[in-house]
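Please read them with the structure open.

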Amino acid sequence: MPVVQHWTVLLPELALVGGAIFLLLIDAAKPSQRGPHLAFITLVAVVTSGVLAFFQWSHPTTSALGGMVVGDKFGVFARFIILGAGFLATLTAPAYLHRRGLDRAEFYALLLLSTAGMTLLAVSSDLVMVFITIELLSLALYVMAGFERGRLESQEASMKYFLLGAFASAFLLYGIAFVFGGTGTTNLLRIRAETSLGGVADFRLVGLAVALLAVGLGFKAAMVPFHMWTPDAYQGAPTPVTAFMAGGTKAAAFAALLRVLVLSVPELRWDWQGPLAALTVLTVVFASIIAVSQTDVKRMLAYSSISHAGFVAIAVVAASRSGIAAALVYLLVYTAMTIGAFGCVMLFRDGDGERVHLAKYSGLGVRRPAAAALFAFFLFSLAGIPPTGGFWAKWYVFFAAIRSHHAWLAIVAVGASVIAAFFYVRVAVVMFMQEPPEGDEMELDSSVGLKIALALCLLVVVAVGVAPGFFLHLAEKALPFGG
Amino acid sequence: MNLSWLILAAPLAGAVVLLGYGKRFGRSSGVIACVAMSVAFVAALISMRWLLAVPNGGRSVHFHLFEWLAVGRLHLGVDLRYDPLSAAMTAMVTGVGLLIHIYSTGYMEGDPRFHRFFAYLNLFVFSMLLLVLADNLLFLYAGWELVGLCSYLLIGFWFERPAAATAAKKAFITTRIGDTGMLIGIFVLFASVHSLYIPFINRAAADGSITKTTATAAALLLFMGAVGKSAQIPLYVWLPDAMEGPTPVSALIHAATMVTAGVYLVVRMNPLYQLAHAAAMVVAVIGVATALYAAILAMAEDDIKRVLAYSTISQLGFMFLGAGVGANGAAVFHLITHAFFKSLLFLGAGSVMHGLGGETALDRMGGLRKAMPWTFAVMFCAWGAITGVLPFAGFFSKDAIMASVWAGGHTALFVVGAIAAMCTAFYMSRLLFLAFFGRERWSEGVHPHESPKSMVIPMAILAVASIFGGLLNLPEGLKGAARLSGFLDPIVGKANEKEALGVVLVMWALAAVATLGAWFIYATGDLRRRETVRARLGPVNTLVRQKFFVDEIYATVIVAPLRLGASFCAGVLDRRVIDGAVNGAATLVSRASEVWRKLQTGFVRSYAVGILGGAALLVLYVVVRTR
């Protein structure tokens with residue numbers, strides 16, 4: 001179908017980049033300034049971007065940059081999840097950074113640039129654009145992960161993420177080259193046309209290309225066996241960055257994966273569904289089992305985020321309309337509950353640092369019942385216990401899998417989520433059923449931004465839990481390229 | 001203006017606020033709960049006014065609040081139905097609820113968990129309103145279970161007392177037995193018509209797209225739920241024990257609202273029962289049998305609250321009798337007047353207990369009419385209402401049911417019902433005389449006194465309602481317009497009612513005889529005549545006083561074998577087999593976890609090998625497949 005070209009598709013990203021440039025300019029005008037106004041400017045940029053994206057919801061599908069990006073409802077939905085992650089991370093960051101003397105303008109500028117990379121990835125309709133935006137979001141994230149220069153783990157996180165990221169990007173680029181070789185184009189819609197009936201694609205090359213693209217995108221989404229950077233990076237990075245990576249990057253990567261696999265090469269799905277299903281099983285089972293023996297809460301949440309990538313991938317394997325909708329709802333809930341969980345880790349202070357070791361959580365439910373209950377709520381939602389939003393997210397994913405005749409995948413995933421329930425519930429057990437140590441007052445972080453962020457996360461998880469049909473309905477409207 | 005969403009939202013907001021922050025509000029949490037109830041009550045009145053302005057026949061509105069769940073072709077929304085039946089129920093629930101909330105601020109004064117009490121109370125009202133406003137069986141069922149939960153929490157509110165904790169468990173488990181049947185009934189209906197929407201099911205029943213067999217099965221299964229919730233034979237045993245809860249709870253939940261949910265369910269699904277004639281007959285027979293049986297038990301009960309509990313069971317039996325013979329309008333009418341006078345009786349009993357320092361034994365009361373004149377006055381009104389004295393409310397409503405039974409030609413049911421009504425007059429008079437007349441028998445050191453205004457004023461309002469409630473539905477024979485029946489008929493169907501003066505006279509004569517008998521035995525100073533009667537009755541007296549040994553029979557026939565089975569499952573099956581399997585699986589997982597985590601070496605090179613290996617396998621797969 002002919003799609004109208006208009007540059008306004010890019011307005012939300014322009015707002016983000018504009019905000020980043022503005023931050024850098026005022027930093028140049030008055031070097032190394034600090035304070036809450038930096039976070040405020042960031043929030044304004046994110047909200048502006050969200051408002052601009054919102055207007056595209058009711059518009060017909062439009063494209064820009066010669067078909068490299070597309071403005072469709074799918075893009076708007078995915079952008080909202082990503083912008084939400086950026087918004088929440090910005091709310092939680094100031095207090096964390098301030099305590100470590102890191103609240104500088106470039107952090108927020110990087111955050112905005114990375115967000116722009118993610119939202120652009122979610123609306124890319126050309127593989128070249130996919131590659132560029134992945135680099136944009138990753139380069140910013142590498143720096144942000146290592147932002148706490150004084151801490152060795154932070155440097156390690158940054159370095160590992162960077163080296164392996166570069167490695168994975170090579171696979172992605174190689175895959176793009178094969179696609180071009182096989183079809184003569186890198187545009188997703190044209191690839192679809194070439195691989196459909198009457199196309200002239202060389203299927204052997206395209207098959208290879210899809211495998212390599214899956215490696216590159218699977219790395220960003222943290223799927224096993226491309227996941228090994230994740231625990232180290234998530235544990236070492238500053239926690240607001242971890243929350244942002246866990247939420248935003250995953251949403252962007254899956255948006256791209258859905259566009260590439262489900263949209264541009266649906267004709268090859270008999271070829272890619274099998275291997276992707278294998279990766280999915282590997283991801284949910286492996287991550288859930290390894291998480292069982294983790295004693296560092298941030299690391300445990302990292303494995304949790306890996307296993308959730310597996311759950312979203314089930315919806316991708318389903319390769320259907322209901323699968324796409326289920327993936328979007330899952331990403332929405334997942335982002336809220338994961339950032340909520342990481343936010344709770346930031347909430348529980350241990351002196352000037354954070355409470356990361358599981359043993360330090362004993363008796364938290366006795367000393368700080370409300371905060372511990374909130375954390376437990378997010379953990380239960382991550383485990384998929386009704387009536388939280390996490391339950392419905394899993395429900396829709398399994399439902400999509402069963403309808404597309406992948407019932408076995410749903411069964412394996414349910415088994416894995418039983419294992420996963422163990423390590424989520426264990427934290428709650430430690431918090432509520434063990435005695436608090438003497439002399440540990442268990443102070444909470446009093447930052448207002450963090451509290452607002454947690455309240456927003458709670459709101460989303462509860463809202464999806466109460467009215468899952470409403471959100472699924474929205475997601476069902478959000479099909480790539482308007483269906 | 002229709003505000004049915006606000007009727008629901010106000011008590012829910014109250015409950016959420018009080019559950020979250022009740023401790024901070026302390027004493028003022030009572031005020032918050034009352035404000036939430038007032039908002040709901042005013043909203044109910046405004047909505048009712050709005051509904052009355054709509055011409056009769058079109059008075060049924062459907063509200064789609066939001067879509068809750070969409071799976072395949074099944075779409076379930078949070079939908080409300082506002083029609084005369086739910087309007088009458090919401091007005092009653094919010095009105096009586098508000099009065100009991102106000103009463104509770106006085107009654108619960110000084111309780112350490114004051115705020116918690118009001119949080120539960122508000123949550124209960126929300127659940128009850130959800131039950132009566134829900135447009136599909138799923139949310140009706142949700143409300144149904146939520147009221148059960150609140151009932152459990154409130155019966156066991158003083159859980160430090162073992163009796164209260166046991167009673168709470170008993171109530172929950174006994175009603176769950178019925179609920180299981182109800183759930184299966186809902187499944188049956190869904191399997192038959194592929195919808196959970198009540199109007200849809202009722203239309204299907206009316207136009208015959210449900211077979212008679214299915215309808216009978218579903219109607220009986222739904223009635224199982226009603227039997228549990230409304231404490232009918234054989235699941236009535238929990239209600240007398242539920243009196244362990246605070247008295248306002250007994251008034252609100254175990255007299256006026258929750259226990260009437262069963263009647264509401266049968267009336268709401270009336271097309272189903274019209275189709276399933278046999279099931280309707282079962283409803284009527286169980287109803288009238290319970291009415292008589294519970295009235296007999298009430299005659300021999302010495303605890304003031306337990307007398308009222310049996311009385312509630314018996315009156316609910318009358319309502320089921322009405323609903324079973326198709327007199328749905330009369331059943332709802334009796335449901336509403338009963339809500340007035342029975343909650344008044346409970347509040348009066350609470351006031352007596354308040355004045356006597358928690359005394360509940362009728363043997364240690366007597367002569368209270370001088371010490372507690374207001375309480376006596378309101379209890380007298382309630383007595384008039386339940387015994388069926390003209391012009392009190394109960395006269396009209398009970399008479400309407402009995403007249404329908406007679407007009408329907410159910411002679412046997414009528415005779416049993418009349419005897420039950422006679423017993424009702426007897427035990428109620430007995431209660432009144434034992435508590436307020438005769439010689440003072442309370443123990444030393446007790447100084448009866450009138451209750452505070454916050455308790456007396458709600459009682460006075462309910463007393464007025466008990467006197468004039470009959471005006472809601474004056475029969476046409478008495479120059480009335482049968483307004484409530486006319487209002488409800490489009491929803492519940494017109495009953496074949498015929499005014500029969502003979503019926504009225506018979507009922508009156510029986511009540512008068514019973515009252516005089518009770519006066520003769522109990523109103524005198526000492527209780528010598530009572531002892532004589534007891535001695536004359538001999539073993540019959542023992543049998544009734546021991547409640548026909550039903551609790552004991554249940555304990556040996558049902559509970560003991562279950563316990564035996566449970567201890568086998570717990571001790572052998574669970575510990576050896578299931579725990580073994582679970583622990584084995586858990587050990588396996590944690591072993592695997594310990595081994596696999598070693599793959600995570602921390603070296604970037606090994607991570608890169610992981611990526612490379614994964615990529616190599618994928619490429620190999622493609623190569624092999626495309627060859």
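1. On terms: helices (H or I, at least four residues) and strands (E, at least two) are DSSP runs, numbered from the N terminus. This is a predicted model, in which local features need pLDDT of at least 70 and side-chain atom pairs count only at pLDDT 80 or more, while totals for chains, interfaces and linings use all residues. Residues are numbered from 1 along each chain as its sequence is written, chains are lettered from A and ligands numbered from 1 in the order in which they are written, and side-chain values use heavy atoms, with hydrogens and water left out.

2. Helix α17 of chain B covers residues 373–387. Its 15 residues reach 21 Å from the first C-alpha to the last, close to the 21 Å expected at 1.5 Å a residue; the expected span is 1.5 Å times one less than the number of residues. Just after α17(B), Gly388(B) takes a positive phi of about 90°.

3. Buried means under 20% relative accessible area, exposed over 50%, and partly exposed in between (1.4 Å probe, protein chains only). Of the 15 residues of α17(B), 11 are buried, so the helix is largely enclosed by the rest of the structure. Among them are Phe376(B), Val378(B), Met379(B), Trp383(B) and Ile386(B), and also Thr375(B) and Thr387(B).

4. Thr90(B) is buried, with a relative accessible area of 0%; Thr105(B) is buried at 18%. With contact taken as heavy atoms within 4.5 Å, and neighbours within four places in sequence left aside, Thr90(B) is in contact with Ile7(B), Ala44(B), Tyr82(B), Leu129(B), Val132(B) and Leu133(B). Counted likewise, Thr105(B) touches Gly30(B), Cys34(B), Phe114(B), Phe118(B) and Ser454(B). The side chain of Thr90(B) also reaches the backbone oxygen of Ala87(B) at 2.9 Å.

5. How many residues does each chain bring to the contact between chain A and chain B? Chain A gives 44 residues and chain B gives 33. The area buried between them is about 3300 Å², of which carbon and sulfur atoms give 74%; buried area is the accessible area (1.4 Å probe) that two parts lose on being put together, summed over both. In chain A, Met228(A), Ile289(A) and Ser293(A) lose the most area to chain B, together 17% of what that side buries.

6. Polar pairing across the interface comes next. A polar contact is a pair of N or O atoms within 3.5 Å; within protein, one must be able to donate a hydrogen and the other to accept it, and residues adjacent in sequence count only if both atoms are side-chain atoms. The rule finds 11 residue pairs in polar contact between chain A and chain B, both residues at pLDDT 80 or more. Several helices of chain A each supply at least two residues to the side that touches chain B, including α6 (152–183), α8 (203–221) and α11 (269–292). α11(A) gives the most, with eight residues.

7. Salt bridges need a side-chain nitrogen of Lys or Arg within 4 Å of a carboxyl oxygen of Asp or Glu. The whole structure holds 30 of them over all chains, and the count between chain A and chain B is one. The side chains of Arg625(B) and Asp271(A) meet in a salt bridge at 2.6 Å, N to O.

8. Within chain A, Arg259(A) forms a salt bridge with Asp72(A), the closest N and O atoms being 3.0 Å apart. Arg259(A) sits in helix α10 (residues 239–264) and Asp72(A) in the loop between β3 (69–71) and α3 (73–99), 187 residues apart. Both Arg259(A) and Asp72(A) are buried. Arg99(A) and Asp445(A) meet at 2.1 Å, N to O; they are 346 residues apart. Arg99(A) is partly exposed at 26%, whereas Asp445(A) is buried at 6%.

9. In chain B, Asp241(B) and Lys170(B) form a salt bridge at 2.9 Å, N to O. Asp241(B) is in helix α9 (residues 238–241) and Lys170(B) in helix α6 (residues 162–193).
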